[in-house]
Amino acid sequence: MGLLDGVRVLDLTTWRPGPYATQLLARFGANVVKVEPPGGEPMRAFRSHFDLLNQHKRSVVLDLKTESGRTRCLELAAGAEVFVEGFRPGVAERLGVGHTDVRTANPALVYCSLSGYGAEGPLADVPGHDLNYRAYAGALAPEATSPAADELPLADMAAATMAAFAITAAVLHARATGVGERIDLGMADVLANWVATVPEATNPRTHRTGPVAGYGVYRTADDQAITLGVVSEDRLWTAVCRALGLDGIAHLGFADRLARTHELNKAIETAIGELQADEALRRLGAEGAPVAPVLGRAGMMVHPHFAARGVVVDGTVGSPVRTTVTHPLPPGPVPELDEHRGQSW
């Protein structure tokens, strides 16, 4: 018997953040059904990672682009208590498994969306990976270079842990009231909340080498730092090359890029080094590249995205978790030592 024994979770997530969140639930006893696309989720190609993130789950394959697959997914959701998805904002809705679609048949369902910058806000549609989220959140040192291949994916793991906490809290509320919840969790939000909460924290250690071309911290002509978060996605690599005028290498696939990491990174480094930071960010953003400026705590605290999402409220710490029905408490008073002795629940 686990602490979450009997909690039924439908998991549509892939890669790391969502699967780690649902694995945390599974390890405490939740009944997790993993919905995978035909052929399985991409992380199955990396079994050492996949196996660690998907223990204690069951798996079903559903093609959500077909009517039968979508219908079966909604049937499973009708009997679940929790639905977790990690699509880009808007994709779940296009597939017919968005918050409104799923909760229509199950009003008590807890629906959690986990994405890079959240489902709403100025950065919601910006592509990215762990490094970009750290950069926007003020969780990278200004003098950072490139992360090592074995570096802890801080944003992924932090957001997954926060998601598991928020889901558990929402399930308790849904069981007590019969009213479900929609949780909108952005990976950058969690790190921004941490940075805002620990203003004197030292910056993370820095590294000189990146794991793949196009994933790292690059200096601009005006000596500012920006990040690129290309991993295996050909479309993101092509977007970076288009923005930087590197058409001769834009066609390279992931395997070729792995074999030429140092050479290709030097090309990117040189191209960015010839641009002012504002121009580099403008060009890369216009092409849909996974780019982010390296902000400090002060820059993060005034960024409109985190204000719009309530991570920062009136210049102080807000909440990294967004809910629809029952909202987290706003910033409030701090209790004095032993102030509430003798009070009941």
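Is Asp 338 buried, partly exposed or exposed? I looked up its relative accessibility and found 45%, so Asp 338 counts as partly exposed. I noted at the start that this is a predicted model.

**Entry 1: Asp 338**

I located Asp 338 in the segment after β12. Next I checked its backbone. Asp 338 has a positive phi of about 65 degrees, and it is not a glycine. I wrote the background beside it: most residues other than glycine have a negative phi.

Then I looked for a charged partner. Asp 338 forms a salt bridge with Arg 341. Their closest N and O atoms are 2.7 Å apart. Arg 341 counts as exposed, at 67% relative accessibility.

**Entry 2: Asp 223**

I turned to another aspartate. Asp 223 also shows a positive phi, about 60 degrees, although it is not a glycine. I found Asp 223 in the loop between β7 (215–219) and β8 (225–229). Its relative accessible area is 53%. The cut-off for exposed is over 50%, so Asp 223 is exposed.

Which residue meets the side chain of Asp 223 in a salt bridge? I found Arg 219, at 3.4 Å from N to O. Arg 219 counts as partly exposed, with 30% relative accessibility.

**Entry 3: Salt bridges across the structure**

How many salt bridges does a search of the whole structure find? I got 22. I picked out one of them: the side chains of Arg 322 and Asp 184 meet at 3.2 Å, N to O. Arg 322 lies in strand β12 (residues 321–323) and Asp 184 in strand β6 (residues 181–186), so this pair ties together parts that are 138 residues apart in sequence.

Arg 322 is partly exposed, with a relative accessible area of 22%. Asp 184 is buried, with 5%.

Returning to Asp 338 and its bridge to Arg 341, I went on to look for salt bridges that share partners. They join Glu 120, Asp 184, Asp 189, Arg 309 and Arg 322 into one network.

**Entry 4: Two helices**

At what angle do the axes of α7 and α8 cross? Helix α7 covers residues 154–177 and helix α8 covers residues 187–197. Their axes come within 8 Å and cross at roughly 90 degrees. The helices are therefore roughly perpendicular to each other.

I listed the residues that meet. From α7 they are Leu 154, Ala 155, Asp 156, Ala 158, Ala 159 and Met 162. From α8 they are Met 187, Val 190, Leu 191 and Trp 194. I sorted the residues of this contact by type: nine are nonpolar, none is polar and one is charged.

**Entry 5: Lys 57**

Lys 57 lies in strand β3 (residues 57–61). Is Lys 57 buried or exposed? I found 15% relative accessibility, and the cut-off for buried is under 20%, so Lys 57 counts as buried.

I then asked what surrounds this residue. Leaving out residues up to four places away in sequence, Lys 57 touches Asp 11, Pro 19, Thr 22, Gln 23, Ala 26 and Val 32. With Thr 22 there is also a polar contact, side chain to side chain, at 2.8 Å.

Technical notes
Residues numbered from 1 in each chain as written. Predicted model: local features only at pLDDT ≥ 70, side-chain atom pairs only at ≥ 80, totals over all residues. Heavy atoms only, no water. Salt bridge = Lys/Arg side-chain N within 4 Å of Asp/Glu carboxyl O. Helix = DSSP H or I, 4+ residues; strand = E, 2+ residues; numbered from the N terminus. Buried < 20%, exposed > 50% of the residue type's maximum accessible area, 1.4 Å probe, protein only. Axes fitted to C-alpha atoms, helices over the stretch in contact; angles between N-to-C directions. Parallel < 35°, antiparallel > 145°, perpendicular 65-115°, else oblique. Contact = heavy atoms within 4.5 Å. Nonpolar A, V, L, I, M, F, W, Y, C, P; charged D, E, K, R; others polar. Polar contact = N/O pair within 3.5 Å; in protein donor to acceptor, adjacent residues only side chain to side chain.
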